[in-house]
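Work through the exercises below with the sequence and the model open. Each task is followed by its solution.

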Amino acid sequence: MSPDQARPTRQVDGYRAGVSALFFLSGFAALIYQVCWQKQLNAMLGVDALSVVIVVVAFMLGLGIGAVIGGRVADRSQNILLVFVLIELLIALYGAVSVKLIAGITGWVGSGTLTTALSAFAALAFPTILMGMTLPVLVIGLDRRVGNIGDASGLLYFVNTVGGAVGALLVGLWLFHFMTIPQVVLMAVLANILVAFGGGALIVGRRA
């Protein structure tokens, strides 16, 4: 293979590695949010099983809806990586106010278990839909770059899942021993911002 032929291959490999690293961090932040919001709801509802159900159902439903929306948005987008950056920034913005927002919404609606559960579920719908959009957006973007949607989806799903597992373990086994929920959520916010900056760097590098 000549140097001219090897250069595009190196660029594709570098792009794939960069996107994978960003999606690892994205999954890392998402599971930190999930654990923190569940812990917050547990403190508010006083029923651990109910808080788990609310968060898990909200995440599953939001991820499903977001996947549908994300696929349609990606199909119509010329700059998919920019769409991903904007999604991560929106997640960071919501995460920055999420603890107070969830407490405020549930407190405003009422103190009953059912009303608190429904209002908390509604409060989690927006960020989980955004999180669900990220996978199809990046899969379609990487497929356009690499030309193998099976490879793209498998790789991104793997790194995102590993990132989420690391985030959940880090929070559950270590961070909550010396940090409050707002402080841990701030870590996830910073991770989202880092992902957005990394995505911006990839956009600039690709254009260069």
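**Exercise 1.** List the residues of α5 that are buried.

Solution. Buried means under 20% relative accessible area, exposed over 50%, and partly exposed in between, with a 1.4 Å probe and protein chains only. In α5, the buried residues are Ala152, Leu156, Val159, Gly163, Gly164, Gly167 and Val171. An α-helix has 3.6 residues a turn, so residues three or four places apart point the same way.

The model is predicted: local features need pLDDT of at least 70, side-chain atom pairs count only at pLDDT 80 or more, and totals for chains, interfaces and linings use all residues. Residues are numbered from 1 along each chain as its sequence is written, and side-chain values use heavy atoms, leaving out hydrogens and water.

**Exercise 2.** Compare the span of helix α5 with the expected one.

Solution. Helices are DSSP runs (H or I, at least four residues), numbered from the N terminus. Helix α5 covers residues 149-173, which is 25 residues. The expected span is 1.5 Å times one less than the number of residues. For α5 that gives 36 Å, and the helix reaches 36 Å from its first C-alpha to its last, close to expectation.

**Exercise 3.** Is Gln34 buried or exposed, and which residues does Gln34 contact beyond its neighbours within four places in sequence?

Solution. Gln34 lies in helix α1 (residues 3-45). Its relative accessible area is 17%, so Gln34 is buried. Contact means heavy atoms within 4.5 Å. Leaving aside those neighbours, Gln34 contacts Val55, Val56 and Phe59.

**Exercise 4.** Classify Leu50 by accessibility.

Solution. Leu50 is in helix α2. Its relative accessibility is 23%, so Leu50 counts as partly exposed.

Terms used:
Helix = DSSP H or I, 4+ residues; strand = E, 2+ residues; numbered from the N terminus.
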